[in-house]
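Okay, thanks for coming, everyone. Let me put the model up and then walk you through a few helices.

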Amino acid sequence: MSLNLRLASLPPSRRRHLQLALLGIALSWSLAALLACTSTTPGTPLYLQLGGERGIEAITDRTLDRVSTDPRSQRSFDGIKMPYLKKNVAAYVCKVADGPCVYEGETMANSHAQSNIAGSEFDLMVTVMREELDRAQVPTAAKNELLRRLASTRRDIVTR
Ligand code: HEM
């Protein structure tokens, strides 16, 4: 017997109760699905939502590979030892994301002081990192939270 037929055979007051209960279940599922798309996972540290230390390393390595070879930003990376830089940037981002990593590099202001970095170069790096976070399928809210935290370094990194 179909659900409609079963409902039809019930007294009107019970039918109404059941219909309301079913509506409630449907609404909770929709809300849960919506929250899954838009919120960070409560209680899960940001660095784990980014894929843990390995996941972060993959994202920052790819970002640095791209900005260090892009004609719009590569000039700053001439003569820089990339494996060492990659290790330090991954540790820095992991720490910014509340991870257990140890960052032993300089402050953002000190490490970029000689590079004469323009706002457009900073923005390019953020765009590339956003694309790499998407490629790694990091949830939207976790991606935005990391980029929000990194945005505050702009005033130390951009000097022209
Ligand atoms: C969200 C933005 C950025 C973050 C979080 C970041 C992070 C870092 C970190 C952690 C280091 C290593 C510092 C050390 O080892 O002491 C570093 C160095 C460096 N960064 Fe950035 N950076 C950002 C933006 C940029 C941009 C936009 C450029 C250039 C287009 C850039 C170019 C460099 C270079 C060339 C170094 C090496 C400096 C040196 O060793 O003399 N960075 N960055």
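**Helix α5 and its surroundings**

So, α5 runs over residues 82-96, and its 15 residues reach 21 Å from first C-alpha to last, close to the 21 Å expected at 1.5 Å a residue. Keep in mind that this is a predicted model: local features need pLDDT of at least 70, side-chain atom pairs count only at pLDDT 80 or more, and totals for chains, interfaces and linings use all residues. Residues are numbered from 1 along each chain as its sequence is written.

Which residues of α5 are buried? Ala90, Ala91, Tyr92, Val93 and Cys94, where buried means 20 or more other C-beta atoms within 10 Å of a residue's own, with C-beta atoms placed from the backbone. Their cover includes α3 (46-49) and α4 (52-67). After α5 comes Asp98, with a positive phi near 65°.

Over in α3 sits Leu46, which is buried, having 20 other C-beta atoms within 10 Å. Leu46 touches Ala97, Asp98, Ala142, Glu145 and Leu146, leaving out residues up to four places away in sequence; contact means C-beta atoms, placed from the backbone, within 7 Å. Leu46 and Leu146 are 100 residues apart in sequence, yet 7.8 Å apart in space, C-alpha to C-alpha.

Now for α4 again. Ile59, Arg62, Thr63, Arg66 and Val67 of α4 meet Leu124, Met125, Val128, Met129, Glu132 and Leu133 of α7. Those contact residues split into seven nonpolar, one polar and three charged, with Ala, Val, Leu, Ile, Met, Phe, Trp, Tyr, Cys and Pro counted as nonpolar, Asp, Glu, Lys and Arg as charged, and the others, Gly among them, as polar.

Conventions:
Helices (H or I, at least four residues) and strands (E, at least two) are DSSP runs, numbered from the N terminus. The expected span of a helix is 1.5 Å times one less than its number of residues. A residue is buried if 20 or more other C-beta atoms lie within 10 Å of its own, exposed if 12 or fewer, and partly exposed in between; C-beta atoms are placed from the backbone. Two residues are in contact if their C-beta atoms, placed from the backbone, lie within 7 Å.
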